[in-house]
Amino acid sequence: FKLGDEVFAGLGFSLGGFAEYACTAEDGFVALKPAGTTFEEAAAVPAAAVTALKGLRDKGKIQPGQKVLINGAAGGVGTFSVQIAKSFDTEVTGVCSSRNLELVRSIGADKVVDYTKEDFTRSGQTYDLVLDNVGNLSVSDLMRTLNPTGTCVIVGFTSIGHMLMQSILASRVSKATGRKILSASSEKPNTENIQFLKGLLESRKVVPTIDRRYSLEQLAEAIGYVETGHARAKVVITM
């Protein structure tokens, strides 16, 4: 790197901080900002896009031609998940609420399911790979969504109860049925992750979806909006 380089980070320069200036190690998961990407778009990438990539590719072993379902497709990780899955030439179904159907279609989902009107776990449709960004389903619900050799990767949980249930039951059920239910890795991103995402951003196969932009002075308002649980995709602080 040299003075004046435009960069972005795979994990953010600091954990949970907002500032006009920040320091990081030269090998601290920093890369040159993707060509054609704005600073606001680049700022929306960590850590949601890394989480989506690792869940789909590293844990889920995504392959071209697979049928992939993204639960929570309109969220921060979800909007990246839909686009990353499409970049692997898969058929993607996104699950979201009524107000987000058009958003999820617009970022490339082949099919959308409105969870307020349809229970996708009881539709009879099965998938090769399910990425669950919500974590509110039972093991039996998840099993019904998978093909005989399918894999479900859980990124988040809505409660401690669901997390404990998955950790206790998932491995046993996986051994008995051949279907896999896995939890996403909590490992830090590496340089390869960041460079891979940089390529997707430069080719515009992945375009960060930004719901709202706030100035640094509006930081409290921005966090309050995110905490309502109604934010779509990413919320960005501008400088």
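Some ground rules. Residues are numbered from 1 along each chain as its sequence is written, and side-chain values use heavy atoms, with hydrogens and water left out. The model is predicted: local features need pLDDT of at least 70, side-chain atom pairs count only at pLDDT 80 or more, and totals for chains, interfaces and linings use all residues.

The overview. The chain has eight helices and ten strands. These are DSSP runs, numbered from the N terminus: helices are H or I, at least four residues, and strands are E, at least two. Of the 239 residues, 44% are buried. Buried means under 20% relative accessible area, exposed over 50%, partly exposed in between, with a 1.4 Å probe and protein chains only.

Now the rings. How many aromatic pairs are there? The count is two. Rings of Phe, Tyr and Trp (its six-membered ring) pair if their centres lie within 6.5 Å; planes under 30 degrees apart are stacked, over 60 edge-to-face, the rest tilted.

Take Phe-88 and Phe-196. They are stacked, 6.2 Å centre to centre, with 20° between the planes. Phe-88 sits in the loop between helix 3 and strand 4, and Phe-196 in helix 7 (residues 191-202), so the pair ties together parts 108 residues apart in sequence. Phe-88 is buried, at 17% relative accessibility. Phe-196 is partly exposed, at 29%.

Next, Tyr-214 and Tyr-225. Their ring centres are 6.5 Å apart and their planes at 45°, so this pair is tilted. Tyr-214 belongs to strand 9 (residues 210-215) and Tyr-225 to helix 8 (residues 219-227), eleven residues apart. Both are buried.

Which charged ends sit over these rings? Arg-57 has its charged end over Phe-196, 4.9 Å from the ring centre. Arg-212 does likewise over Tyr-225, at 3.7 Å from the centre. The rule: NZ of Lys or CZ of Arg within 6 Å of the ring centre and within 35 degrees of the ring normal.

Last, the second largest pocket. A pocket is an open set of points on a 1 Å grid over the protein atoms alone, where a 1.4 Å probe fits, with protein on both sides within 12 Å along at least five of seven lines; lining residues have an atom within 4 Å of a point. Here 25 residues line the pocket, and Gly-72, Ala-73, Gly-75, Tyr-115 and Val-134 lie nearest its centre. Helix 3 (76-87) and strand 4 (91-96) each give two or more residues. The largest share, three residues, comes from helix 3.
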